[in-house]
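Hi,

Here is the structure I promised to pass on to you. Have a look at it first, and then read on for what turned up when I went through it.

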Amino acid sequence: MSAPSYKELDTTYIAHTYGRFDVCFEKGDGVLLYDTTGKEYIDLGSGIGVTAFGSADALWQQAVIHQVKRLNHVSNLYHTLPQATLAEKLCQKTGMKKVFFSNSGAEANECAIKTARKYSADRYGDERTTVVTLVNSFHGRTITTLAATGQDVFHQHFHPFTKGFAHVPANDFDAFKQLVDSDSSICAIMMEMIQGEGGVMPLDAGYVKQVADYAAAHDILVVVDEVQTGNGRTGTLYSYMQFGIAPDIVSTAKGLAGGLPMGATLFNDKTEGVLDAGSHGSTFGGNPICAAGAVSVIDRIDDALLSEVKAKGQYIREALTGAPGVLSISGMGLMVGIETTADAKAIANECLNRGVVVLTAKNKVRLLPALNIPRDTLKKAVGILKEVIGEMA
Ligand SMILES: *Cc1c(COP(=O)(O)O)cnc(C)c1O
C-alpha cells in the first residue's frame with residue numbers, strides 16, 4: 001500500500017477551516033516555490049505578506065540559524081539580546097518609545113486594545129472603554145479582535161463577543177465626529193490605513209488626518225493596525241508614515257520576522273507607560289529566534305529598498321491599468337488589489353495552474369510579493385496574470 005497523499009491526510013486529520021488550493025508546497029527559493037511534483041511557481045503572495053524577503057532567503061537564514069544554534073527560548077522572565085536589539089531598532093526607526101512583543105497580528109491588536117482601555121481607565125475611570133473601528137476592517141480571529149472587526153460575516157457563531165466596540169463607515173468623518181460627540185465611552189479609534197482583507201481599500205489621507213486630529217483633541221487614542229501594511233509593504237516602513245499622522249499605538253505582525261510568527265505593539269510617549277509589570281505577557285513573545293529573524297528583516301528595510309518597493313508597485317499598476325478584464329487597481333507599494341471582470345478566485349486558480357501564486361481579498365485579486373522580488377521575475381508573473389485576467393474576462 002502506498003503512503004497516504006497529503007490530501008488524504010489533510011481530509012482525515014486537519015480541521016477543515018481553510019478553503020485550500022490543491023497544491024502542496026515543498027520548498028522555496030526567493031520568490032520561487034516548488035510543489036511536491038517539482039512544478040515551479042512565481043510567488044506573488046508571500047504567504048499573505050509574511051515572507052518579506054522571499055523563501056529561504058540567505059541573509060534571513062543566516063540570522064535565524066545563527067540564533068537557533070545559540071539560544072532558542074528562555075521566556076520573558078529573562079533578558080535576551082535579539083529582543084532588546086529589535087525593540088531599539090523599531091523605536092529608532094519610528095520614533096515610538098516602547099514595544100511589546102507577541103506572536104501574531106491578533107495578539108498585537110489585543111495588546112493595543114488592552115492598552116487603550118487601561119490608558120483610559122487610569123485617567124477617566126471604568127466607563128470609557130469603547131474602541132471604534134471601521135466598517136469593512138479586519139483585526140484578527142480571537143473573540144475580541146473579531147468583535148473589533150467591522151464585518152458582519154465575522155459576527156456569527158461565537159457569541160457572546162467582547163463588548164465595547166463600535167463601527168463607523170470608513171472615509172466618513174462626520175460619522176466618527178457624531179459618535180464621539182454623542183458617546184462619552186469612546187477611548188480609541190483603531191484603523192488600517194489600507195483595509196487588506198477588506199479588499200485592499202486605502203483610506204483617504206484627508207479623512208485619516210481629520211480623524212486623528214479630532215481624536216487627539218478628545219484624548220481618544222489613535223491605533224493603527226499595520227499587521228498587513230507594515231514592515232515596508234507599502235513603500236514606507238509603516239503605512240501611516242504616508243498619511244501625515246503620529247499614532248499613539250501601532251500594531252504589526254505578518255512580514256515582521258520574515259516567515260516566523262511574531263507580533264509587535266508599539267507605544268508612543270503617551271502610551272509607553274500604560275502597561276506595567278504583570279498587566280500583560282506572552283510566553284513566546286519576542287523569543288530569540290523570531291527576534292533574530294525580525295532584526296535581519298528590519299535592518300534591510302532601508303530607503304533604497306523602499307523606493308524599489310514603490311517603483312515595482314508602480315510597475316504593476318502601469319502594466320495592468322486598462323488591460324482587458326481589469327476594472328480598477330488599488331493599494332500602495334507592493335500591496336495591490338486588482339478588481340477584475342472575472343471571478344477573483346477563478347483567476348487565482350488559473351494562475352496557479354500556470355505557475356503564478358496570487359491571493360484574493362473580497363472580490364479582488366491581491367498581490368503581496370516579496371519586497372525584493374527581482375524585476376524580471378515580477379514582469380514575467382504580471383504578464384501571466386494579465387493574460388489570465390484577459391482570457392477569463
Ligand atoms: C492578518 C491580519 C490580522 C491578523 O493577524 P494574525 O497573525 O492572523 O492573527 C490583523 N489585522 C490585519 C490588518 C491583518 O491583515
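**What was found**

Leu 9, Tyr 13 and Ile 14 together make a nonpolar surface patch of about 330 Å². Please keep in mind that this is a predicted model. Leu 9 belongs to helix 1, which covers residues 6–13. Its relative accessibility is 38%, so Leu 9 counts as partly exposed.

**The ligand and its shell**

Now to the ligand. The residues surrounding the ligand are Ser 104, Gly 105, Ala 106, Asn 109, Phe 138, His 139, Gly 140, Glu 192, Asp 225, Val 227, Gln 228 and Lys 254. By type, this shell divides into three nonpolar, six polar and three charged residues. Helix 5 (residues 105–124) supplies the largest share of the shell, with three residues.

On its own the ligand has 380 Å² of accessible area, and the protein covers 82% of that.

**Salt bridges**

Across the whole structure, a search finds 16 salt bridges.

Let me begin with helix 8 (residues 205–217), where Asp 213 and Lys 209 lie four residues apart, about one turn of the helix. Their side chains meet in a salt bridge, with 3.1 Å from N to O. Asp 213 has a relative accessible area of 43% and is partly exposed. Lys 209 is at 36% relative accessibility, so Lys 209 counts as partly exposed too.

Another salt bridge joins Lys 270 and Asp 219, whose closest N and O atoms are 3.0 Å apart. Where do Lys 270 and Asp 219 lie? Lys 270 is in the loop between strand 12 (263–267) and helix 9 (288–300), while Asp 219 is in the loop between helix 8 and strand 10 (221–226), so the pair ties together parts that are 51 residues apart in sequence. Are the two partners buried or exposed? Lys 270 is partly exposed, with a relative accessible area of 28%. Asp 219, at 14%, is buried, because buried means under 20% relative accessible area.

There is also a salt bridge between the side chains of Arg 354 and Glu 350, at 2.7 Å from N to O. This pair is part of a network of salt bridges that links Glu 350, Arg 354, Glu 387 and Glu 391. Arg 354 has a relative accessible area of 30% and is partly exposed. Glu 350 is at 21% relative accessibility and counts as partly exposed as well.

**A buried arginine**

Arg 366 is buried, with a relative accessible area of 3%. Its side chain is joined to the side chain of Glu 197 by a polar contact of 2.9 Å.

Enjoy browsing, and do write back with any questions.

Best wishes

Notes:
Residues numbered from 1 in each chain as written. Predicted model: local features only at pLDDT ≥ 70, side-chain atom pairs only at ≥ 80, totals over all residues. Heavy atoms only, no water. Patch = residues over 30% accessible without salt bridge, like charges linked within 9 Å, V, L, I, M, F, W, Y side chains within 5 Å. Areas by Shrake-Rupley, 256 points an atom, 1.4 Å probe, with all protein chains shown as cover. Salt bridge = Lys/Arg side-chain N within 4 Å of Asp/Glu carboxyl O. Helix = DSSP H or I, 4+ residues; strand = E, 2+ residues; numbered from the N terminus. Buried < 20%, exposed > 50% of the residue type's maximum accessible area, 1.4 Å probe, protein only. Near = heavy atom within 4 Å. Nonpolar A, V, L, I, M, F, W, Y, C, P; charged D, E, K, R; others polar. Polar contact = N/O pair within 3.5 Å; in protein donor to acceptor, adjacent residues only side chain to side chain.
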